[in-house]
Amino acid sequence: MQTLRASKCGLSTAQLPSSILDVIDALTKAGYEAYIVGGGVRDLILGLNPKDFDAVTNATPAQVKEVFGRRCRIIGRRFELAHVYAGRELIEVATFRAPPKKAVTSASGMILRDNNWGTIEQDFVRRDFSINAMYYQPRKGIVLDFCHAIDDIKNKTLRLLGDPTLRFEEDPVRMLRTLRFAAKLNFNIAPEILEIFTPEMTQLLRDISPHRLYDESQKLFTMGHLNRVLPMLIDFGIWRQLFADISPDISTFIERAAINTDQRIQIGKTINPAFFYAVLLWKPFLERCDFYLGKGVVPAEARAQAGLDVLKRQATRTIIPRFAETFIREVWEMQTRLLNPKPQQIQALSTHARFRAGFDFLLLREKSGDDTTQGMGLWWDAYQQMSTDEKERAISQYNRQRAKSRRKATTEDVVEAKPVTAVTEIEPLVNEPEPRSRRERKSRAKSEKPVQNVASGGSEIGYDHPILKRKRVKRDLSQVIFGPTQ
Ligand code: ATP
Ligand code: MG
């Protein structure tokens, strides 16, 4: 172990937010050891802007709770941690961990429970990469480096601690982390990792819960180097594990969306990771729509059903939370509305909560060479820049053109263009699916108006009336048969 001078590594307390210093100081004052560890230290040494700072200590989570009282919450089962609220920030405080006991690993060697407290030396060997295992004590101005990690930082090498096969078996998510850090930091993956990082090895990801994989996919989407990591996901066989039904090739649309996401992050704009899922799943969604249309299902129903099917299939790999699912389906539904808007709804559409995302999606499609958008991406783009008068003129013109093309389509049944007057409200983009949990169902029912029972003279049926407790038919995923296009 070598002790480095923090200043020699380019570190100073001036770079640290008061929240992390506050946590380190409080633990030290209570007589515990406390360090900053992980990505915060790594990124500062590399001259990058750390996403967050994690602390590590010899105090157990219960002792951390004693120090911070109501500002602290203990979370996690497999990996118990203390969350400490410092101002508006949240700092993760982990306890030094010893190697896991044999009894809590699965047959394939995966660690199922990891709450065996230990020393700093033991904690070090439990970390993933050398560059993530530097312990920084800002008040003492020192960095503890157990494995010459500083050289790996200088040589831009991503090296797993210990035997790579064992480390991947212990926690297959480390494969995703390998690609994430290699892409984010533009580091080389050490040869001993490359040697064992085979498509067979990625099969281990099947044992990881879809919840954890969704979290990891979000980190991949939002790290600012999505465009760099996408081909790596394909090359290393991770893509197939994360997105089973999305063919592993990066279309211009996906590539543009990835570049766009990275650019937004670079300039500090917010991004919704669900947007990228909407992009990835767009092609499977269209194919599924075609499947239903081919069976004679009406278009609106075909889209609704296709959306549900595609998201359900994806959920077997990465569970997409309900709000994100709704967002994705709304963005897709917006495509139909924006492509062929009713003239009297144009204004209302442009102020709809999902307009921005739907429009960005449409424009991305158009700029990627998708001519089925019929130039409506640019039309909406121009529309937003217009004054009120110009907007009215643009809508009238659009109205005339629409009527003309309709006349062309059917000569007998001429639809005369009506002048645009009132703003019509637009219907909901998607019907909210049935809530998953009983609690969600109850709260939704509460928020909905009680139904008037006309037959019984207008007496109300309460939200918990048995007649409203519809049984939810559970669908067996194996029964979702995809059409020949899949
Ligand atoms: P980021 O910039 O994404 O926050 P990070 O390295 O800080 O990167 P975290 O997920 O915040 O990553 O984890 C903090 C630290 O905890 C890591 O640097 C690493 O030392 C350790 N760690 C996290 N996940 C694992 C894992 N799966 N296996 C071993 N160590 C891990
Ligand atoms: Mg971190």
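Visitor: Which residues coordinate the magnesium ion (ligand 2)?
Guide: This is a predicted model, and in it the magnesium ion (ligand 2) has donor atoms at 2.6 to 2.7 Å. A donor has to lie within 2.8 Å of the metal to be counted here. The atoms concerned are of the OD kind, and they belong to Asp52 and Asp54.

Visitor: Is Asp54 buried or partly exposed?
Guide: A residue counts as buried when its relative accessible area is under 20%, and as exposed when that area is over 50%. Asp52, with 37% relative accessibility, falls in between. Asp54 has a relative accessible area of 23%, and therefore Asp54 is partly exposed.

Visitor: How many helices and how many strands are there in the chain?
Guide: The chain has 486 residues, and 45% of them are buried. Of its contacts with a separation of 6 or more, 66% are between residues 24 or more positions apart. As for the elements themselves, the chain holds 22 helices and 12 strands.

Visitor: What word describes how helix 13 lies relative to helix 19?
Guide: Two packed helices are described by the angle between their axes and the distance between the axes. For helix 13 (residues 252–266) and helix 19 (residues 355–367), the axes come within 9 Å and cross at roughly 130 degrees. Since angles from 65 to 115 degrees count as roughly perpendicular and those over 145 as roughly antiparallel, the word for helix 13 relative to helix 19 is oblique.

Visitor: How do the residues of the contact of helix 13 with helix 19 divide into nonpolar, polar and charged?
Guide: Helix 13 brings Phe253, Arg256, Ala257, Asn260 and Arg264 to the contact, while helix 19 brings Asp360, Phe361, Leu364, Arg365 and Lys367. The crossing of the two helices is right-handed. Sorted by type, the residues of this contact are four nonpolar, one polar and five charged.

Visitor: Which residues of helix 15 make the contact with helix 14?
Guide: The axes of helix 14 (residues 273–280) and helix 15 (residues 282–294) come within 4 Å and cross at roughly 50 degrees, which makes helix 14 oblique to helix 15. From helix 14 the contact takes in Ala278, Val279 and Leu280, and from helix 15 it takes in Trp282, Lys283 and Pro284.

Visitor: What is the separation of the C-alpha atoms of Trp282 and Trp332?
Guide: Trp282, placed in helix 15, is buried, with a relative accessible area of 8%. Leaving aside residues up to four places away in sequence, Trp282 touches Phe253, Trp332, Gln335, Phe361, Arg365 and Asp370. Although Trp282 and Trp332 are 50 residues apart along the chain, their C-alpha atoms are separated by 7.8 Å.

Visitor: Which residues of helix 11 are buried?
Guide: The cover over the buried part of helix 11 (residues 226–235) includes helix 7, strand 10, helix 10, helix 12, helix 13 and helix 14. The buried residues themselves are Leu226, Val229, Leu230, Met232 and Leu233.

Visitor: What is the phi of His148?
Guide: Most residues other than glycine have a negative phi. His148 lies in the loop between strand 8 (142–145) and helix 5 (149–154), and is partly exposed, with a relative accessible area of 47%. His148 takes a positive phi although not a glycine, and the value is near 55 degrees.

Key. Residues numbered from 1 in each chain as written. Chains lettered and ligands numbered in written order. Predicted model: local features only at pLDDT ≥ 70, side-chain atom pairs only at ≥ 80, totals over all residues. Heavy atoms only, no water. Axes fitted to C-alpha atoms, helices over the stretch in contact; angles between N-to-C directions. Parallel < 35°, antiparallel > 145°, perpendicular 65-115°, else oblique. Left-handed = near helix turned anticlockwise from the far one by under 90°. Contact = heavy atoms within 4.5 Å. Nonpolar A, V, L, I, M, F, W, Y, C, P; charged D, E, K, R; others polar. Donors = N, O, S within 2.8 Å, 3.2 Å for Na, K, Ca; no water. Buried < 20%, exposed > 50% of the residue type's maximum accessible area, 1.4 Å probe, protein only.
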